[in-house]
Amino acid sequence: MNKIAFIFPGQGSQSAGMGLDLYENFEAAKNVYKTANETLGKNIAKICFEGPDEDLKLTINAQSAIVATSIAALAAFQSKCDIKPVLTMGHSLGEYCAMYCANVMDLKTTMKAIQKRSELMDEATKTTKGTMAAVLGATTDTIKEALEEVKDLGLAQIANYNDPTQTVITGEVEAIEKACELIKEKGARRVVPLAVSGGFHSDLMTSAKDGFVDFVKTLDLKEAQIPVITNVDAIETTKVEEFIEKMPNQINSSVMWVQTIQKAIELGVDTFIEFGNGKVLAGLNKKISSEIKTYNVYDTESLNTTVESLMVGV
């Protein structure tokens, strides 16, 4: 029998219209959006379903919209079958869906945490000038070498270890622009500047991290019923005090996605289900290991396909 992990995408996976099909066809999904709207005090469902994309991509809206949509997809799936994961994990923001899935937080607490996180990160982008870029086809050593060479120009760090061929860099604008030039000169296949409002997952987010420390201590958190492999260290986490420490640190630390998936494989997982808009993580997973299978749940058709495929293997 397959060992299954549930995974959840992060910021950047959003698009107008996401979740609408699930909302219209599953009461469980509709209830998630209803609770999200009530908790946030705004119609996040309308922003998900209608956009416009300019509003949806704002950090203050994107984070809660993505979390609500991913959890709605999970709820729809759980209303249709009782397949259980042995592990759960999420990419950056998606880690909050993983914690919800593992019963670390209930839905209202998850939405409150995301609202505060997005507010603090949004504030941080207004006081720092940061940017990000995706590097394709360069080794980690080459990237680190370039980042070291630009440190006199400003902060430059690795934000995301996405897959063996794609790494995202982050930091102050001048330093990142120069690093992009150097990385190209060192033989990268492509370097793509990202349309983001700040240098996320870098020390430019330290004020957001610091603001989140005390807030996290006010949240009603519980021990995880399923281990969550956390972004900051790619380690299985179940204890409340560990989540309290890691949640703020995640804001300005690298997302160790490659290492996270490798850890899950090490622990025997061969099948992943991605809940949320699009197939971002499925694409990354394919490059991390050709031995694993990733299914997606983002609308009725993908949900049915995933359930049917997995039930055959049971």
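Mentor: A disulfide is a covalent bond between the sulfur atoms of two cysteines. Counted as pairs of cysteine sulfur atoms within 2.5 Å, the disulfides here come to zero. This is a predicted model, in which local features need pLDDT of at least 70 and side-chain atom pairs count only at pLDDT 80 or more, while totals for chains, interfaces and linings use all residues. Residues are numbered from 1 along each chain as its sequence is written, and side-chain values use heavy atoms, leaving out hydrogens and water.

Trainee: Is Cys97 buried or exposed?

Mentor: Buried means under 20% relative accessible area, exposed over 50%, and partly exposed in between, with a 1.4 Å probe and protein chains only. Cys97 is buried at 0%, and Cys81 is buried at 13%.

Trainee: How many aromatic pairs are there?

Mentor: Rings of Phe, Tyr and Trp (its six-membered ring) pair if their centres lie within 6.5 Å; planes under 30 degrees apart are stacked, over 60 edge-to-face, and the rest tilted. The whole structure holds eight such pairs. In one of them, Tyr23 and Tyr33 have ring centres 5.9 Å apart and planes at 65 degrees, so this pair is edge-to-face. Tyr23 is partly exposed at 27%, whereas Tyr33 is buried at 0%.
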